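Dear colleague,

Please find the structure below, handed over for your own work. The notes after it set out what was found there.

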Amino acid sequence: MDIKELVKEAVRQAVEQAISDGVITLSEMPEIILEVPPQKEFGDFATNFAMQAARAARTNPRAIATALVERLKASWLDKAVIAGPGFINFYLKPEWLYEKLESILAEGKEYGNTKAGQGERIQVEFVSANPTGPLHVGHGRGAAVGSALANLLKAAGYDVESEYYINDAGNQIDNLAASVNARYLELLGQMVEFPEDGYHGQDIIDTARRLIDKDGSKYLDMPEQDRLALFKELALQEKLAALKEDLAAFNVEFDVWFSERTLHQSGAIDETCETLKANGNMYEKDGALWLKATAYGDDKDRVVIRDNGVPTYLAADIAYHRDKLQRGFNKLINIWGADHHGYICRVKAAIAAMGYPADSLEVLILQMVSLYRDGELVKMSKRTGQSVTLSELIEEVGRDAARFFFIMRSIDSQLDFDLNLAKSHSNENPVYYIQYAHARISSIFRQAAEAGVNYKGHANAKLNMLVEESEIDLIKKMGSYPDEVSAAARERAPHRIARYVHELAGLFHTFYNQCRIIGVESELQIARLALVEAVQNTIRHALGILGIDAPDKM
């Protein structure tokens, strides 16, 4: 059993003993919450259980804490001290640290994986940008966070599937075709009025030019509706291929690419409407079909099928979420931009109207990204005069730095992305600082081999020789990693892993600067090599969650 669980179990037994002895009365046991105190002098763990239980027990918190401390019995406990209004601070014997380090080393590269999710099936849908142009930096943040969240949930024991919803039906695709058509005609010297809702990016001109380079002017004589239909398919294929290429370059892969068109072609939208009619949650008014969204918490009912028979965007979204739930997911996590905040309630209402729990859907809202270079806000790409694309960002700062900077802040806060910092090879750049720790450990093992050190793993290491403060700090920090993974997964917060691994790298650099590894007494040398092996495995695991490389050389 993990040391944290051992402490909780000891507290639970002390509570039960205090109740049995008639010292306290509790009809219901509050949750026992352990925290790592912010300062070392307050012990290894602390709990506020006595304060939580005080009201139910109708007893002073310090009296409850005293009763528990008097009944705490554990071989690993050095002492338990009551602090403040009723905190209990636990000071553990050093032996538990070495047992923990032994278990960390035994798990090797798997250390950090937990079973917190108990196999719950979760789908994470993210990016899902319209395939009408290149991904920009806002999409990049969603891609980095979404893929890291999927990795995190997998590490925490959830059964996870990632999905990209391709918006390949509707006006935006018609506008794409019309835009390419207009540029095609312009490049061939034709007079044409550019569509009012057309796409003005350089990529549209490039698409039209590629059509001419390949096939010349052969489409000029084609009836315009036929030409538009053809250009729609050709442009969609090209844009989708470019999206996939950009995402792959950003270390983002999807298990499923789901086409919106299939919902229209398969009759899924009609089936969904029939289901909602049958259960009384859809009605006709003014020739249109309406969802009874107000019955499920929305501020007004919503049109699903217009009076001309054309489905709204909501119609496809309802059918899509029905399809997801029919695939057997317990939880759907959608990562949306801040401009979609008002859309959450109506989709949840639709899910409830179909007979599923509204909280089957969990929407994470992604706030905006602002790029800064030399302290100045970067609004446009120097190359195109348009929004800065994800591929341009990767080209400038590198994939790993871009991913880390996107992930390192909570998604509900706006992100100021410092391009200069992301490119710098300095300790101020957090991703460089972390990767350098990993590379430095690889260098230590190379130096050990060159020095003839016969390190065959941790099996024969005397770990109790690790008594320096910086060594103890490292072991304690690593010991908390599985809990951090589980908590970050529960909170849908991959930024916690970014913060954790940055702190771990900092503790390693401190240890490296204070404790010599190669060339010290043989048994201490082996123990310290075992310690840095554990640190390297933990850093690599955390960087793996973040989708970032763990280099052996820098």
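**Helices α10 and α11**

Helix α10 (residues 268-278) packs against helix α11 (residues 313-326) at an angle of about 85°, their axes lying 9 Å apart. The two helices are therefore roughly perpendicular to each other, a term used for angles of 65 to 115 degrees. Axes here are lines fitted to C-alpha atoms, for helices over the stretch in contact, and angles run from 0 to 180 degrees between N-to-C directions. On the α10 side the contact is made by A268, I269, E271, T272, T275 and L276, and on the α11 side by A315, A316, I318, A319 and R322; contact means heavy atoms within 4.5 Å. By class, the contact of α10 with α11 has 7 nonpolar, 2 polar and 2 charged residues. In this scheme Ala, Val, Leu, Ile, Met, Phe, Trp, Tyr, Cys and Pro count as nonpolar, Asp, Glu, Lys and Arg as charged, and the others, Gly among them, as polar.

The model is predicted: local features need pLDDT of at least 70 and side-chain atom pairs count only at pLDDT 80 or more, while totals for chains, interfaces and linings use all residues. Residues are numbered from 1 along each chain as its sequence is written, and side-chain values use heavy atoms, with hydrogens and water left out. Helices (H or I, at least four residues) and strands (E, at least two) are DSSP runs, numbered from the N terminus.

Buried means under 20% relative accessible area, exposed over 50%, and partly exposed in between (1.4 Å probe, protein chains only). Among the buried residues of α11 are L314, D317, Y320, H321 and K324. After α11 comes G328, with a positive phi near 95°.

In helix α13 (residues 390-397), the buried residues are L390, E392, L393, I394 and V397. Their cover includes α5 (137-155), α8 (224-249), β13 (369-373), α14 (399-407), β15 (415-418) and α15 (419-423). G398 follows α13, and its phi is positive, near 95°.

β1 pairs with strand β2 (residues 45-47) in the antiparallel sense over 2 bridges, and E35 stands opposite A46 in β2.

Another open sheet has 5 strands in the order β7-β6-β5-β11-β12, with parallel pairing. At its edges stand β7 (256-259) and β12 (361-366), each with a single partner strand, so one side of each is left without a neighbour in the sheet. From one strand to the next, the twist averages 25°. Strand β5 (residues 121-125) pairs with strand β6 (residues 159-166) in the parallel sense over 5 bridges, and D159 in β6 is the bridge partner of R121. Helix α12 (residues 344-353) packs on this sheet, touching β11 (331-337) and β12, and its direction makes about 170° with that of β12.

**Residue E503**

E503 lies in helix α19 (residues 495-514) and, at 36% relative accessibility, counts as partly exposed. Its C-alpha atom is separated by 9.9 Å from that of L474, 29 residues apart along the chain.

With kind regards

Conventions:
Parallel < 35°, antiparallel > 145°, perpendicular 65-115°, else oblique. Pairing = 2+ DSSP bridges.
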